[in-house]
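Me: Hi! I'd like a friendly tour of this one, please. Can we start with the terms and then look around?

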Amino acid sequence: MRKDTAKKGWWVVDADIKGCFDNINHEKLMLLAKQRISDRRILKIIWKWLRAGVISPLLSNIYLHYLDIKWERHYNHLGKLIRYWTILW
């Protein structure tokens, strides 16, 4: 759904991040998690999940929250980000 941008219309961009779970930088994710989680036991569990190859949409939200903050600070003039999850059974 888009209109001609020269006429100040709308753009809708749909991005699928299903492959992000396999490509997230674990060290960066842990740095972001440490900003939000103070319990070292929980941080150790998260690190073990990452080492075992387990990552969930919950953990990816930590990463995506950082993206939201950067967008608001630097790119908000380009449009609004709307994030949602679709669960396929």
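Predicted model: local features only at pLDDT ≥ 70, side-chain atom pairs only at ≥ 80, totals over all residues.

Me: Which residue does aspartate 39 form a salt bridge with?
Reply: The partner is arginine 41, and the closest N and O atoms of the pair are 2.9 Å apart.

Me: And arginine 41, is that buried or exposed?
Reply: Arginine 41 counts as exposed, because its relative accessibility is 61%.

Me: How many salt bridges does the count come to?
Reply: The count is one salt bridge.

Me: Let's zoom out. How many helices and strands are there?
Reply: The chain has four helices and zero strands. Along the sequence, the pattern reads α-α-α-α.

Me: How much of the chain is buried?
Reply: Of its 89 residues, 16% count as buried. The chain exposes about 8200 Å², and 58% of that comes from carbon and sulfur atoms.

Me: Tell me about H3. Which residues are buried there?
Reply: In H3, the buried ones are Leu43, Ile46 and Leu50. Looking down the axis of H3, the buried residues fall within an arc of 60°, so they line one face of the helix.

Me: Then what's on the face turned away from that buried side?
Reply: That face of H3 carries the exposed residues Arg41, Lys44, Lys48 and Arg51.

Me: What span should H3 have?
Reply: With twelve residues at 1.5 Å a residue, H3 should span 16 Å, and its end C-alpha atoms are 16 Å apart, which agrees.

Me: Where is tryptophan 49?
Reply: Tryptophan 49 is in helix H3, which covers residues 40-51. This tryptophan 49 is partly exposed, because its relative accessible area is 40%.

Me: Which residues form the nonpolar patch on the surface?
Reply: Ile42, Ile45, Trp49 and Val54 form the patch, with about 340 Å² of accessible area together.

Me: Switching to H2, which residues are buried there?
Reply: Helix H2 spans residues 26-36, and Leu29, Met30, Leu32 and Ala33 are buried in it. They cover an arc of only 165° around the axis, which puts them on the same side of H2. Turned away from that buried side, another face of H2 carries the exposed residues Glu27, Leu31, Lys34 and Gln35.

Me: Last stop: is serine 60 buried or exposed?
Reply: Serine 60 is buried, because its relative accessible area is 0%. Serine 60 lies in helix H4, residues 57-75.

Me: How far apart are serine 60 and isoleucine 17?
Reply: They are 43 residues apart in sequence, and 9.8 Å apart in space from C-alpha to C-alpha.

Key: Residues numbered from 1 in each chain as written. Heavy atoms only, no water. Patch = residues over 30% accessible without salt bridge, like charges linked within 9 Å, V, L, I, M, F, W, Y side chains within 5 Å. Areas by Shrake-Rupley, 256 points an atom, 1.4 Å probe, with all protein chains shown as cover. Salt bridge = Lys/Arg side-chain N within 4 Å of Asp/Glu carboxyl O. Helix = DSSP H or I, 4+ residues; strand = E, 2+ residues; numbered from the N terminus. Buried < 20%, exposed > 50% of the residue type's maximum accessible area, 1.4 Å probe, protein only. Expected span 1.5 Å × (residues − 1). Arc of directions from axis to C-beta.
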